[in-house]
Number of protein chains: 2
Amino acid sequence: MSQANSEFPRVVEEVASFVGHVVTTAGWIHRVRELGGLTFIVLRDGTGLLQIVHAPADGPIPALQPEMAVKVTGRVVDEPRAPGGIELRGAIFTVLGRPDGLLSLSLGAPALEAGLDSRLTHAALALRHPAAQHVFRVQARLAEAFRQGLSREHFIEVHTPKIIGTASESGANVFHLPYFGRSAYLAQSPQFYKQMMVGVFGRVFEVGPVFRAEPHDTGRHLSQYTSLDAEMGFIDGPEDVMAVLTRVMGAMLEAAQEAAGQESPLATMPGTIPVVHFEEALALLSDALGEDLTAEPDLAPAHERWLGEWARSQYGSDFLFVVGYPMAKRPFYTMPDLQRPGFSRSFDLLFRGQEIVTGGQRLHRFQDYEKAMMQRGLSMTGLEGYLSAFQYGMPPHGGFAIGLERLTAKLLGLANIREATLFPRDTKRLEP
Amino acid sequence: MSQANSEFPRVVEEVASFVGHVVTTAGWIHRVRELGGLTFIVLRDGTGLLQIVHAPADGPIPALQPEMAVKVTGRVVDEPRAPGGIELRGAIFTVLGRPDGLLSLSLGAPALEAGLDSRLTHAALALRHPAAQHVFRVQARLAEAFRQGLSREHFIEVHTPKIIGTASESGANVFHLPYFGRSAYLAQSPQFYKQMMVGVFGRVFEVGPVFRAEPHDTGRHLSQYTSLDAEMGFIDGPEDVMAVLTRVMGAMLEAAQEAAGQESPLATMPGTIPVVHFEEALALLSDALGEDLTAEPDLAPAHERWLGEWARSQYGSDFLFVVGYPMAKRPFYTMPDLQRPGFSRSFDLLFRGQEIVTGGQRLHRFQDYEKAMMQRGLSMTGLEGYLSAFQYGMPPHGGFAIGLERLTAKLLGLANIREATLFPRDTKRLEP
């Protein structure tokens with residue numbers, strides 16, 4: 001081993017730029033088919049599919065079977081009938097990795113036939129299917145666009161502790177762990193830390209895992225998911241936070257659309273997302289459903305779905321801001337709306353009738369924290385480091401959190417959040 | 001609350017582009033000084049410092065004290081003597097947040113006088129110091145450049161489980177936690193998952209927390225840190241991995257330098273980083289130190305330091321690749337070097353005599369895993385999902401991991417990794 005060298009195969013996506021040239025690429029044998037004396041091989045890598053045509057005159061090639069890892073060198077030629085408009089001819093194959101025996105799933109079909117449970121158990125194989133890969137390519141672009149959108153607006157990325165000393169936000173559904181002779185918890189969100197960091201940087205974001213000891217097996221919840229968190233200071237109200245969210249969500253959708261191809265639009269998002277107050281939303285629902293819902297403290301999933309339909313028909317929007325949720329259903333750090341007693345300066349962003357973002361303005365005066373925590377019977381012990389941030393001069397601030405897997409699933413029309421999670425964690429699943 | 005509006009203050013960094021205009025910005029009062037009948041106020045936000053000059057003729061302003069959060073509107077004027085060449089005049093202040101009483105640390109001095117322990121306890125205040133902020137601005141740029149550099153080379157970002165069913169890599173220094181009636185562990189690295197994902201996407205990266213139940217309190221180790229992980233398939237050897245690392249590290253240094261300012265270079269990195277084999281390194285050390293070290297299984301910190309000096313004097317490089325570490329000191333998935341029995345196809349990247357990156361080529365055949373695990377007396381139970389990946393056709397592959405906090409500290413000359421961690425976790429510290 002001497003000097004590092006930079007020669008390694010081109011990814012499949014790049015091959016199309018080399019029509020007329022001999023290139024080396026690599027990937028997995030996706031399909032092999034004999035037709036009219038020719039062998040049609042489809043090669044797959046993380047960037048796409050490539051057709052390779054082998055004629056008897058090209059000389060012998062190794063026996064190829066699906067999921068072999070191969071390196072291949074050949075000439076790139078225009079071929080309008082091939083996927084992507086090009087194919088490789090006169091190819092020489094080197095087999096680099098062989099599957100052992102029969103594969104537990106067949107990847108050649110347009111969709112995987114195996115059930116979700118089987119796909120999750122055989123994740124290392126099932127995720128190779130182009131339809132599965134596609135989900136995570138879109139997901140990667142969503143996260144990237146979130147970060148880039150916020151960086152453009154001077155937000156700074158932070159990394160905060162996932163092991164914490166005080167089960168803070170709710171106390172329910174928290175994972176416990178022993179920590180050097182003490183009791184510790186896995187963070188359910190970076191909420192407290194991002195607020196503290198507003199006092200330092202003014203605007204921060206974090207992309208990282210959060211943990212919920214979620215006892216229910218639903219299609220919407222997992223024990224671990226990726227939270228896209230943002231928090232900003234010097235706001236006049238939640239509208240400023242919603243404006244940033246609107247811009248960043250627009251950038252995320254654009255990136256996802258680019259990854260998904262421009263053929264079918266993933267979502268319709270107006271430049272200004274319609275806004276409805278929680279109280280109005282209940283009035284609309286009461287009218288439509290013919291029952292008095294005006295005293296409800298929260299929106300049931302069916303209500304969210306109805307509001308999604310309503311936003312679609314009234315505004316042609318897949319998105320709807322519901323603002324002003326009752327204080328009773330929001331965490332202690334939520335800023336109340338003094339104009340509407342009992343309601344808060346918070347919001348949810350619904351996408352096709354499901355909450356995908358939660359946010360709002362927070363309290364920023366230490367005295368308000370003292371009062372709010374006392375009213376709710378919460379102890380300040382263990383939270384001194386967090387609460388002290390409000391004694392150092394903290395501006396009005398707010399923020400939001402997006403569940404990356406839930407957004408991905410909803411955007412791509414996947415029924416279960418597990419289909420948008422590489423290795424989901426739930427009450428039953430701790431492997432692979 | 002009706003429509004989201006996008007009017008909020010400009011960050012300090014942007015103000016300089018508005019000479020001659022009246023702008024609104026916001027931040028914290030960093031310093032106040034009276035001089036020749038004028039008041040000189042320095043405003044600080046997450047993007048920089050701004051001088052504001054108030055003359056008696058401008059009318060009364062509120063009593064300003066350090067760390068107040070304020071919004072300020074004024075005219076931007078050229079002023080070569082002010083930091084950044086501009087200042088704000090005729091300013092109107094709105095106080096948005098007030099510190100309660102005396103601050104436990106004073107932020108006005110060029111460096112914080114408080115000791116590390118006190119700074120960590122009062123993190124929400126201490127991190128406001130420009131020198132502390134600077135560390136994390138550089139850190140944010142390092143992580144961003146890592147992701148962008150790899151994305152350019154077709155690596156895809158993944159998010160993998162931090163709660164795992166089998167204490168895998170070493171078994172030592174692992175955090176345990178109860179998980180729905182089972183025993184689970186916090187992941188010490190995304191190693192197994194990133195390898196599995198090579199079989200899917202070919203090239204992947206992850207930026208995320210890793211957890212080590214590190215029992216020693218040193219300046220280099222923490223219970224949680226941010227790992228920058230990459231893994232790639234279809235390599236000919238570790239050289240291909242080292243080539244990617246060299247390019248991405250170059251991009252990271254460039255970004256850090258940009259954030260730090262161009263005055264003083266942070267590091268010297270040649271286009272090709274010098275490479276020394278572990279065996280040669282021991283021979284050099286034996287010669288230089290006058291003792292026989294040739295049978296050592298690993299490099300002691302003092303040896304790494306000596307090699308750092310050597311790379312500096314021989315090649316003018318702050319970086320040095322040490323390759324071919326003995327198999328005995330590398331994990332079971334490491335690819336042995338068949339040309340040099342006992343040695344591996346692995347590498348460390350030293351920066352100024354300290355390891356900042358570990359990487360190498362991995363085994364890719366299932367049979368090799370069986371053999372390696374049996375030789376080391378490791379059980380395959382619980383790792384079926386991981387090991388199955390090598391039964392599906394896996395190409396030769398390798399990767400590396402960079403400790404973000406350690407790199408930041410080393411690059412900025414910080415003695416303790418805690419100075420490059422917003423909220424460090426160690427045997428004693430679980431708060432804030």
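Domain bounds, as used here, come from an automatic or database domain assignment. The model itself is predicted.

Q: How is chain A divided into domains, and what distance separates the centres of domain 1 and domain 2 of chain A?
A: Chain A is divided into domain 1, covering 12-97, and domain 2, covering 130-420. Taken over C-alpha atoms, the centres of domain 1 and domain 2 of chain A are separated by 46 Å.

Q: Why does A:R212 count as partly exposed?
A: Partly exposed is the class between buried, which is under 20% relative accessible area, and exposed, which is over 50%. A:R212 has 28% relative accessibility, and therefore it counts as partly exposed. This residue is found in the loop between β10 (203-211) and β11 (224-233) of chain A, and, leaving aside neighbours within four places in sequence, A:R212 is in contact with residues including A:N173, A:F175 and A:Y225.

Q: Which residues does UniProt list for "binding site"?
A: The unreviewed UniProt entry lists A:E169, A:R212, A:T358 and A:R362 under that name, although such annotations may be inferred rather than shown by experiment.

Q: What makes the pair A:T358 and A:D348 a polar contact?
A: A polar contact needs a pair of N or O atoms within 3.5 Å, and the side chain of A:T358 makes such a contact with the side chain of A:D348 at 3.2 Å. A:T358 has its place in strand β15 (residues 354-362) of chain A, and at 30% relative accessibility this residue counts as partly exposed.

Q: Why is helix α11 of chain A called largely enclosed?
A: Seven of the nine residues of helix α11 (residues 404-412) of chain A are buried, so this helix is largely enclosed by the rest of the structure. Among the buried residues of α11(A) are A:L404, A:L407 and A:L411. The buried residues of α11(A) pack against several elements of chain A, including α4 (130-152), α6 (238-260) and β16 (397-403).

Q: How do you know that β7 and β8 of chain A stand at the edges?
A: The order of the open sheet of three strands is β7-β9-β8 (chain A), with antiparallel pairing. β7 (163-164) and β8 (176-179) of chain A each have a single partner strand, so one side of each is left without a neighbour in the sheet.

Q: What makes β7(A) and strand β9 of chain A a pair?
A: Two strands pair if at least two bridges are found between them, and two bridges join β7(A) to strand β9 (residues 182-186) of chain A, with the strands running antiparallel. Within this pairing, A:I163 stands opposite A:L186 in β9(A).

Q: Does B:T334 count as buried or exposed, and why?
A: Buried means under 20% relative accessible area, and B:T334 has 5% relative accessibility, so this residue counts as buried. B:T334 lies in the loop between β13 (319-323) and β14 (346-351) of chain B, where its side chain reaches the backbone oxygen of B:P331 at 2.7 Å.

Key: Residues are numbered from 1 along each chain as its sequence is written. Chains are lettered from A and ligands numbered from 1 in the order in which they are written. This is a predicted model: local features need pLDDT of at least 70, side-chain atom pairs count only at pLDDT 80 or more; totals for chains, interfaces and linings use all residues. Side-chain values use heavy atoms; hydrogens and water are left out. Helices (H or I, at least four residues) and strands (E, at least two) are DSSP runs, numbered from the N terminus. Buried means under 20% relative accessible area, exposed over 50%, partly exposed in between (1.4 Å probe, protein chains only). Contact means heavy atoms within 4.5 Å. A polar contact is a pair of N or O atoms within 3.5 Å; within protein, one must be able to donate a hydrogen and the other to accept it, and residues adjacent in sequence count only if both atoms are side-chain atoms.
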